[in-house]
Amino acid sequence: MSYQELYRSGELARRIKAAYARLAACDICPHACGVNRLAGESGLCESGKTLRIASAAIHRGEEPPISGTRGSGTIFLSGCTLNCKFCQNFPISQLRNGKDLTPGRLAEKMLGLQQKGAHNINFVTPTHFTPQILAALYLAIRKGFTLPIVWNTSGYESLETLALLDGVVDIYLPDMKYSSDEVAVRLSGAPGYTGANRQVLAEMLRQVGQLRLDEDGIAVRGLIVRHLVLPQGQAGSVETLHWIAENLGTETHIALMSQFFPAHAAAETPGIDRRITAKEYVEAVEALEELDLENGWVQEEPL
């Protein structure tokens with residue numbers, strides 16, 4: 001793995017130091033709250049210096065190249081840089097359910113999942129804990145960690161944070177949630193989401209390239225984009241798919257998701273207070289096909 005070379009050269013240690021320094025006036029994500037997390041202050045993500053996770057376990061419900069035959073070593077980080085009104089994991093993302101632990105203990109969990117046969121380590125909503133994850137990786141490498149790193153994210157990232165991850169992350173698994181900043185603010189509290197999201201996905205592609213699989217069909221490196229279709233076209237699915245085709249390439253792997261339901265505060269939010277219809281999902285599928293996005297995963301379960 002390329003992160004091993006960063007470890008041997010001392011570059012990984014340098015990045016850990018730089019990442020922690022940014023917590024003193026936090027700008028890890030585009031919110032750039034400016035709070036001193038090293039002193040225990042917290043911003044929108046409600047996280048200070050201490051790492052918190054909700055779970056660490058083998059997960060078999062991701063995209064086939066991620067879960068494979070033995071499952072993905074999935075670690076859910078507590079808290080989030082977004083405040084999505086429809087979040088299905090809101091007890092973890094919004095209520096921050098979980099357990100505090102040190103980077104050393106996280107390293108042990110990574111190694112434990114490797115011993116259980118996981119194909120990769122899959123960090124879910126990791127952005128706000130980037131410094132702590134880098135520190136855990138450093139400690140895990142010292143004890144024989146070798147698995148690919150999956151960065152499973154909302155796609156609300158900063159280029160400065162992605163620079164810390166260049167050569168560390170093997171597989172980027174970002175969302176493209178919206179094509180409208182107005183909707184992004186209203187539904188997720190994410191100003192400037194569209195521009196930030198498109199900018200960082202282009203950078204993710206530059207870092208890892210299009211998805212590459214081994215002889216068993218397991219992802220070893222590359223980009224997979226997730227897009228969740230929302231009711232009444234609020235995700236801007238057709239526009240988003242056009243942008244992907246034109247800017248990332250028609251060979252880009254895309255998971256076009258249909259499982260939206262009115263979780264968390266969605267039932268009280270006009271426009272997202274119901275499931276999507278079959279017609280709404282089919283419109284997105286038709287756009288995928290018309291744009292020759294050949295590596296799209298379409299969900300076929302009933303809506």
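**Figure 1. Strand S4 and its parallel neighbours.** Strand S2 (residues 72-77) pairs with S4 in the parallel sense, over 4 bridges. Two strands count as paired if DSSP finds at least two bridges between them. Strands (E, at least two residues) and helices (H or I, at least four) are DSSP runs, numbered from the N terminus. This is a predicted model: local features need pLDDT of at least 70, side-chain atom pairs count only at pLDDT 80 or more, and totals for chains, interfaces and linings use all residues. Residues are numbered from 1 along each chain as its sequence is written, and side-chain values use heavy atoms, with hydrogens and water left out. Thr74 stands opposite Asn122 in S4. S4 also pairs with strand S5 (residues 149-153), in the parallel sense over 4 bridges. There, Phe123 stands opposite Trp151 in S5. The chain runs from S4 through H6 to S5, and this β-α-β crossover is right-handed. Right-handed means that, with the strands pointing away from the viewer, the path from the first strand over the helix to the second runs clockwise.

**Figure 2. The two faces of strand S4.** In a regular strand the side chains alternate between the two faces of the sheet. Strand S4 (residues 121-124) is covered on both faces. Ile121 and Phe123 lie on one side, Asn122 and Val124 on the other, and all are buried. Buried means under 20% relative accessible area, exposed means over 50%, and partly exposed is in between (1.4 Å probe, protein chains only).

Figure 3. Helix H6 (residues 130-142) has 13 residues. From first C-alpha to last, H6 reaches 19 Å, close to the 18 Å expected at 1.5 Å a residue. The expected span is 1.5 Å times one less than the number of residues. H6 is mostly covered, with 10 of its 13 residues buried. Among them are Thr130, Pro131, Gln132, Ile133 and Leu134. Gly144 follows H6, and its phi is positive, near 100 degrees.

**Figure 4. Helix H5 and its buried face.** The 13 residues of helix H5 (residues 103-115) should span 18 Å at 1.5 Å a residue. The end C-alpha atoms of H5 are 18 Å apart, which agrees. The buried residues of H5 are Pro103, Leu106, Ala107, Met110, Leu111 and Leu113. Seen down the axis of H5, its buried residues fall within an arc of 160 degrees, so they line one face of the helix. The arc is that of the directions from the helix axis to the C-beta atoms. Just after H5, Gly117 has a positive phi of about 100 degrees.

**Figure 5. Strand S8 and its partners.** Of the 10 residues of strand S8 (residues 219-228), 9 are buried, so S8 is largely enclosed by the rest of the structure. Strand S6 (residues 171-174) runs parallel to S8, joined by 2 bridges. Ile171 has Gly222 as its bridge partner in S8. Strand S7 (residues 212-213) pairs with S8 in the antiparallel sense, over 2 bridges. Leu213 has Ala219 as its bridge partner in S8. S7 and S8 form a hairpin with 5 residues between them. In the turn, Gly217 has a positive phi of about 80 degrees. S8 and strand S9 (residues 253-257) pair in the parallel sense over 5 bridges. Leu228 stands opposite Met257 in S9. S8, helix H10 (residues 237-247) and S9 make a right-handed β-α-β unit.

**Figure 6. Nonpolar cores.** The largest nonpolar core has 86 residues. Phe86, Leu106, Met110, Phe123 and Phe145 touch the most other members. A nonpolar core is a set of buried Ala, Val, Leu, Ile, Met, Phe, Trp, Tyr and Cys residues joined through side-chain atoms within 4.5 Å. Leaving aside neighbours within four places in sequence, Phe86 is in contact (heavy atoms within 4.5 Å) with residues including Tyr178, Leu187, Leu228, Phe260 and Ile272. A second, separate core of 7 residues includes Ile66, Ile171, Leu211 and Ala219.

Figure 7. Most residues other than glycine have a negative phi. Arg96 sits in the loop between helix H4 (90-93) and strand S3 (99-101). Gln232 lies in the loop between S8 and H10. Arg96 is buried, with a relative accessible area of 13%, whereas Gln232 is exposed, at 56%.
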